[in-house]
Amino acid sequence: MFQDSEDFKLKRKRQIDTLKIFNDNVQELQPGVEYRVEFWAESRRMAILVQLGPDFPLEKPVLLVSPNVGHSWVDHCGRITAAPGLVNFTQHSDLGRVVHAIVREFELRPPAWIGDSTSSTIVTNAPNEANSQAQAPSSTQPLQQTQLQQMIFPELAELSVSELQALMDNQDRRNEFLEQLPVSRELDEQLDQLMTTVENLAKENLEKQSKLNESHSACEERRQILNEVHSSYEELGVHFQRLADRRTPASIRESLRAATLHADEQSERVAEHFLSGEMNLDQFLVDYVNKRMMSHIRRMKEEKLSQQLRDLLRAGY
């Protein structure tokens with residue numbers, strides 16, 4: 001029986017150790033019985049209250065979230081009931097892993113916030129099954145109220161009633177108190193770091209302004225050169241198109257036809273000059289034969305080219 005008791009204590013201690021290993025900001029409220037794990041979700045502080053009953057780890061732990069949130073894992077009293085690791089919890093499970101999985105769920109998918117009047121009663125009104133056999137309900141409720149205050153604003157627990165009233169009545173003191181909060185200091189430090197970063201970036205931008213102006217001027221010069229080259233390209237393109245139009249097979253055929261007609265006209269003029277006596281026989285024979293030969297050669301070329309064009313047209317080109 002003693003060995004069984006020692007083994008049970010070791011298992012319980014191991015579970016508590018895993019809670020501290022896998023999670024940050026673990027606070028021990030009641031040694032071996034009650035712990036609080038604080039974290040941030042969507043820029044808002046949250047906490048999970050872990051309550052361990054006398055039969056833990058043979059029985060499941062009781063997990064309460066504060067402030068109360070709307071989530072499929074959380075019931076209306078703020079008790080976590082549907083987390084997969086908690087539903088399947090056994091003595092062979094790791095308490096630290098179960099709580100860490102819940103924390104990661106709330107961090108990655110921040111739940112919907114419920115009004116402060118509801119969330120403020122999560123810990124005080126939730127059933128304390130873990131301590132039901134160890135303490136009376138009348139003794140646990142004040143303790144849980146104090147724990148809730150410490151979870152939300154731990155600094156308020158150190159103030160007396162008169163100091164709290166003074167904070168409520170004096171806006172300046174309230175602002176000063178808020179400025180001294182660790183969260184406010186952390187935000188101020190982050191703001192200072194951001195301002196320093198912005199100033200450094202502004203200085204770097206000013207230093208690069210001259211290079212930017214030089215690059216802009218060079219870009220403008222190249223743009224002008226590009227426009228000139230583009231205009232020249234357009235002109236050359238028009239000139240090329242004109243030459244291409246003059247060198248098409250159809251244009252060449254028309255040129256040959258016109259040249260043939262011109263040679264025929266010249267040969268007829270030579271004949272007229274000979275008949276009118278303006279040209280002797282020898283000169284007539286030389287000029288007339290040359291003109292007629294030129295006319296025949298051009299006509300043959302024109303007819304051959306026309307035939308080739310007709311063949312290409314029939315072939316589908």
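1. In this predicted model, Ile48 stands opposite Val65 in strand 4. Strand 3 and strand 4 (residues 62-66) pair in the antiparallel sense over 5 bridges. Strand 3 itself (residues 44-51) is mostly covered, with 6 of its 8 residues buried.

2. Strand 3 also pairs with strand 2, again in the antiparallel sense, over 8 bridges. Here Tyr35 stands opposite Val50 in strand 3. The hairpin of these two strands has 2 residues between them, and Glu42 takes a positive phi near 55 degrees there.

3. Arg36 is found in strand 2 (residues 34-41). Arg36 counts as buried because its relative accessibility is 2%, and buried means under 20%. The side chain of Arg36 makes a polar contact with the side chain of Glu38, at 3.1 Å.

4. Side chains of opposite charge can pair when their charged atoms come close. The model has 14 salt bridges. One of them joins Asp17 and Lys13, whose closest N and O atoms are 3.1 Å apart. Both residues lie in helix 1 (residues 2-22), 4 residues apart, about one turn of the helix.

5. Arg104 and Glu107 meet in a salt bridge as well (3.1 Å, N to O). They lie 3 residues apart in helix 3 (residues 95-108). Arg104 is partly exposed at 36% relative accessibility, and Glu107 is partly exposed at 30%.

6. The side chains of Asp264 and Arg292 meet in a salt bridge (3.3 Å, N to O). Asp264 lies in helix 11 (residues 249-275) and Arg292 in helix 12 (residues 281-314), so the pair ties together parts that are 28 residues apart in sequence. Asp264 is buried at 12%, whereas Arg292 is partly exposed at 24%.

Conventions
Residues are numbered from 1 along each chain as its sequence is written. This is a predicted model: local features need pLDDT of at least 70, side-chain atom pairs count only at pLDDT 80 or more; totals for chains, interfaces and linings use all residues. Side-chain values use heavy atoms; hydrogens and water are left out. Buried means under 20% relative accessible area, exposed over 50%, partly exposed in between (1.4 Å probe, protein chains only). A polar contact is a pair of N or O atoms within 3.5 Å; within protein, one must be able to donate a hydrogen and the other to accept it, and residues adjacent in sequence count only if both atoms are side-chain atoms. Two strands pair if DSSP finds at least two bridges between them. A salt bridge is a side-chain nitrogen of Lys or Arg within 4 Å of a carboxyl oxygen of Asp or Glu.
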